[in-house]
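Hello,

Here is the structure I promised to hand over. Please open it alongside the notes below.

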Amino acid sequence: MTISEKSFQDSSLDKMSLLNNTKRMVKSGTVVGGAVARATWRKLSPHSLQTGSLQEDAEKLKKSLGELRGPLVKVAQLLASIPGLLPEDYIKELSELQTQAPAMGWGFVQRRMRGELGENWQRYFGSFDREACNAASLGQVHKAVLINEKQVACKLQYPGMDKSISSDLLQLKTLFGLYSFFDGAIKQDQVYKELEDRLKEELDYRREAANLVLFGYVFRANPYVHVPRPAKKISTHRLLVMEWLEGISFSEFLKKNPSLEERNQAARELFKAWYYPFYHFGILHGDPHSGNYGIREDGGVNLFDLGSVRVFPPKFVQAVVQLYRAVKEKDRFKIVQAYKVWGFKGLNDEVVEALNAWSSFFFRPFLIEGDHSLEETNSAEAAHEVLENVYATLKKGGGVTLPREFVLLDRSALGLGGAFLRLGASLDWKKLFEEEIQDFSLEKLEISQNEALCAAGLRVQDGEVSFIS
């Protein structure tokens, strides 16, 4: 295949995606604009003139978003996981959001594969399933077998995703405007910037391939946490080929009516899968959606979709440990110092009071001795009660700007908490947590983080993660 032929194919796919992306941009703008219009009407108009309810509006938004592909769906799922960024009815509906758009057909698959690997792309494969085994917001996955007989998953990015991100980020600002119209307790400037950077990273499958290597290095000695190895030679910016991992989805696992022992093991391994990398390497899988991990026959877990990975400054991780110990000791001075290191500013008495209510709830399971379920300490009802108090106090104190690092850490905690509640797991959460932090050392974390990033061909420079040239 000549360069001109490949360029023609890429151009053909891009032209096709340009039309689809234009249609999609109009549709997404209509969806979000409609949501904002309904919310504005509901807030300003006389009650007697209103029809339906806020919950019905939220249901319409979820249905419309579910029929779209692209970053906006990822954004909506993430917004639903950050307490207070949207009204409660919207959070409930968007937290259940799944992409309902059907997978793209064989014509798209062939065009994408030719565009990434050349006209004779099938030479790399012994077989390639025509039907997608999974379709998500940014791409779809096909099972295949390489010529060396290794089973792989091929993740193909949908056309036009790089172009749609700009329009979707504009829609994100509109959604944030909707939130601000309802409640000004949380200021979103840094939240927006964090989401923008993470979304752009998710569109680069080369970065996700590096993240797979990174997490594979982190869990190289753990027999119960599995990360697919990427086939780097045939992976590109828009195609990720990786090892196929056997197991069942989280939902399928729950349908099997597993015993408490099996549910506890799944919860234990999920806990380690998220918090061992954070406290020992300063990295975090930023998307704990239940579709992004699976359960193995031996009780271990598979980690998927590592496009959204956050590398934290070691001093931030140290401040998280310091905050836990300060909350445990009820030392207000140390608590406030930890908030400052996190990046919170303007810490008046009301803001500190609100943050203390949040941190006490966040760390509550880790302050209780012995086995217990999160239903006893951190149920949805308890969370709602705490958050109502937090928002009221924050508004009284003039609101707070969330530090960028807070976004994915809080998202992961909430997402995992939801999984633990669904599992009904009863564990000694304090023992699990303190095992991760008992030997914490800033110097040791700095060294281990640097070694792990180097193993994945990455580095941190001026606070930004980039490839080693």
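Glu 149 is exposed, at 68% relative accessible area. This is a predicted model. Glu 149 belongs to the loop between β3 (139-146) and β4 (151-157). Its phi is near 75 degrees, a positive value in a residue other than glycine. Most residues other than glycine have a negative phi.

Asn 257 also has a positive phi, near 55 degrees. Its place is the loop between α9 (250-255) and α10. Asn 257 is exposed, with a relative accessible area of 67%.

Now helix α11. This helix covers residues 314-329, 16 residues in total. At 1.5 Å a residue it should span 22 Å, and its end C-alpha atoms are 23 Å apart, which agrees. Lys 330 follows α11 and has a positive phi, near 60 degrees.

The buried residues of α11 include Phe 316, Val 317, Ala 319, Val 320, Leu 323, Tyr 324 and Val 327. An α-helix has 3.6 residues a turn, so residues three or four places apart point the same way. The partners that the buried residues of α11 pack against are α10 (260-281), α12 (332-342), α13 (349-363), α16 (404-423), α17 (429-437) and α18 (442-455).

Next, the core. The largest nonpolar core holds 121 residues. Phe 125, Leu 303, Trp 342 and Trp 429 have the most contacts inside it. Helix α10 gives the largest share of this core, ten residues.

Which residues does Trp 342 touch, leaving aside its neighbours within four places in sequence? In α11, the buried residues Phe 316, Ala 319, Val 320 and Leu 323 are among its contacts. Trp 342 is also in contact with Trp 358, Pro 403, Glu 405, Phe 406 and Leu 409.

On to the rings. The count is 33 aromatic pairs. One of them joins Phe 316 and Trp 342: tilted, 5.1 Å centre to centre, 45 degrees between the planes. Phe 316 lies in α11 and Trp 342 in α12, so the pair ties together parts that are 26 residues apart in sequence. Phe 316 has 3% relative accessibility and counts as buried. Trp 342, at 2%, counts as buried too.

Phe 420 and Trp 429 also form a tilted pair, 4.8 Å centre to centre, with 40 degrees between the planes. Both residues are buried.

Last, two charges over rings. Arg 220 lies over the face of Tyr 217, 4.0 Å from the ring centre. The charged end of Arg 310 sits over the ring of Phe 312, at 5.3 Å from its centre.

Best wishes

Technical notes. Residues numbered from 1 in each chain as written. Predicted model: local features only at pLDDT ≥ 70, side-chain atom pairs only at ≥ 80, totals over all residues. Heavy atoms only, no water. Helix = DSSP H or I, 4+ residues; strand = E, 2+ residues; numbered from the N terminus. Expected span 1.5 Å × (residues − 1). Buried < 20%, exposed > 50% of the residue type's maximum accessible area, 1.4 Å probe, protein only. Contact = heavy atoms within 4.5 Å. Core = buried A, V, L, I, M, F, W, Y, C linked by side-chain atoms within 4.5 Å. Phe/Tyr/Trp six-rings, centres within 6.5 Å; stacked < 30°, edge-to-face > 60°. Lys NZ or Arg CZ within 6 Å of the ring centre and 35° of its normal.
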